[in-house]
Amino acid sequence: MCIRDSAETLWNTAVVIGNNGNIIGKDRKVHIPRVGDFNESTYYMEGDFPMGGWPTFDTQFGKIGINICYGRHHPLNWMAHGLNGAEIVFNPSATVGALSEPMWPIEARCAAIANSYFVAGNNRVGTESFPNEFTSGDKKPAKRDFGHFYGSSYVASPDASRSPGLSRVQDGVIIADADLNLCRQIRDAWGIQMTGRHSDYADLLDWYSSPNFEPNIVSDPSRRDL
């Protein structure tokens, strides 16, 4: 949902509601797209760290994280949820076929494997039409809709398995068993988190964020430029 704060800033926000109807907490979208029709930077702000710092919500049924929509394209975004102890990460999305459909069956599954948790990738279906034509400054003809939102929601497991996907054109509901013990079993079997070089990654990211950053490229001394 869109939440406006006291400073008139708009935030793309997910609200987590517990099984007793209570609000457990909320999280803000960390990464704001600047892609074609989805240039949300003209109205949304990136999630601030206190709210968008990848919180994990400890519910009666497991520890969950929320990776909102475009955040699925950022591997470190997925990793942050895992570092904070998430067992299931939900990826609520509204994305269209021409833009991202080839990526959709892969990204959530890869995230589940790399971070040893379950991922529920849920995408809307349908097409919205608007009374007035619009363009996105991409030299393409004006139009009245974003294209088809292709659904295809599914659940991915840390052991690389996944559920069948839902329809591209109709609403649906997935009922899936997620044995959270599998998260620990996969972590113990593969040791992905244990063998991670997180302090080294942190040093590289700190260096990359510096204005003096230079990529570490080793050139072939025998190379002859053509």
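Reader: Where in the chain is confidence lowest, and where highest?

Author: This is a predicted model in which local features need pLDDT of at least 70, side-chain atom pairs count only at pLDDT 80 or more, and totals for chains, interfaces and linings use all residues. Residues are numbered from 1 along each chain as its sequence is written, and side-chain values use heavy atoms, without hydrogens and water. On pLDDT, the predictor's confidence in each residue from 0 to 100, helix H1 (residues 49–52) is lowest at a mean of 60 and S14 highest at 98. Where pLDDT is low, the predicted coordinates should not be read in detail. The chain mean is 91, with 98% of residues at 70 or more.

Reader: What makes S6 and S14 edge strands?

Author: Strands are DSSP runs of E, at least two residues long, numbered from the N terminus. Two of them pair if DSSP finds at least two bridges between them. The order of the open sheet is S6-S7-S8-S9-S14, with mixed pairing. Strand S6 (57–59) and strand S14 (154–156) each pair on one side only, and are its edge strands.

Reader: How do you know that S8 and S9 pair?

Author: Strand S8 (residues 88–93) and strand S9 (residues 118–123) share six bridges, in the parallel sense, and pairing requires at least two. In S9, Phe90 stands opposite Ala120, and Ser93 has Asn123 as its bridge partner. S9 also pairs with S14, in the antiparallel sense over three bridges; there Val155 is the bridge partner of Ala120.

Reader: Why is S9 called largely enclosed?

Author: Buried means under 20% relative accessible area (exposed is over 50%, partly exposed in between; 1.4 Å probe, protein chains only). Five of the six residues of S9 are buried, so the strand is largely enclosed by the rest of the structure.

How values were computed
Helices (H or I, at least four residues) and strands (E, at least two) are DSSP runs, numbered from the N terminus.
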